[in-house]
Amino acid sequence: MANLVRPLPTFDVEQIEDPNQPGHGIVMIAVPRSPSAPHGVLVNEGLRYPRRNGAGISSGA
């Protein structure tokens, strides 16, 4: 994430273990609303600014 997003937003990473399968689970990444928005995503040599389009996300230029 640090190499592909500009400016880098703050985020929290939390490991959540599956109580039914010790040693298994998920990693949750929580990204709060950022005062530095919009954030660009590096694609090839340029930044793209994804934007919400209804329930989906489109990759804006």
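V31 lies in the loop between β3 (25–30) and β4 (40–43); strands here are DSSP runs of E with at least two residues, helices are runs of H or I with at least four, and both are numbered from the N terminus. V31 is partly exposed, with a relative accessible area of 47%. On this scale buried means under 20% relative accessible area, exposed means over 50%, and partly exposed is in between, with a 1.4 Å probe and protein chains only.

The model is predicted: local features need pLDDT of at least 70 and side-chain atom pairs count only at pLDDT 80 or more, while totals for chains, interfaces and linings use all residues. Residues are numbered from 1 along each chain as its sequence is written, and side-chain values use heavy atoms, leaving out hydrogens and water.

The protein has 6 strands and 0 helices. From the N terminus on, the order of elements is β-β-β-β-β-β. Of the 61 residues, 8% are buried. The accessible surface comes to about 5300 Å², and carbon and sulfur atoms hold 54% of that surface; such areas come from the Shrake-Rupley method with a 1.4 Å probe, and for residues only the protein chains shown count as cover.

V31 also belongs to a nonpolar surface patch with L8, F11, V13, V27 and I29, and together these residues have about 540 Å² of accessible area. A patch is built from residues with over 30% relative accessible area and no salt bridge, joining nonpolar side chains (Val, Leu, Ile, Met, Phe, Trp, Tyr) within 5 Å and like charges within 9 Å. A salt bridge is a side-chain nitrogen of Lys or Arg within 4 Å of a carboxyl oxygen of Asp or Glu.

Strand β2 covers residues 12–17, and the count of buried residues among its 6 residues is 0. The strands β2 and β3 run antiparallel and are joined by 6 bridges; two strands pair if DSSP finds at least two bridges between them. Within this pairing, Q15 stands opposite V27 in β3.

The loop between β3 and β4 also holds H39. H39 counts as buried because its relative accessibility is 19%. Leaving aside residues up to four places away in sequence, H39 touches V5, R6, P7, L8, P9, S34, R48, Y49 and P50, where a contact means heavy atoms within 4.5 Å. The side chains of H39 and S34 are joined by a polar contact of 2.9 Å. A polar atom of the H39 side chain also lies 2.5 Å from the backbone oxygen of P7. A polar contact is a pair of N or O atoms within 3.5 Å; within protein, one must be able to donate a hydrogen and the other to accept it, and residues adjacent in sequence count only if both atoms are side-chain atoms.

P7 itself is in the loop between β1 (5–6) and β2. The peptide bond from R6 to P7 is cis, with omega near -20°. Phi of N44 is near 55°, a positive value in a residue other than glycine. Most residues other than glycine have a negative phi, and most peptide bonds are trans. N44 counts as exposed because its relative accessibility is 72%.

V43 is in strand β4 and is partly exposed, with a relative accessible area of 36%. V43 and L4 are 39 residues apart in sequence, and their C-alpha atoms are 7.9 Å apart in space.
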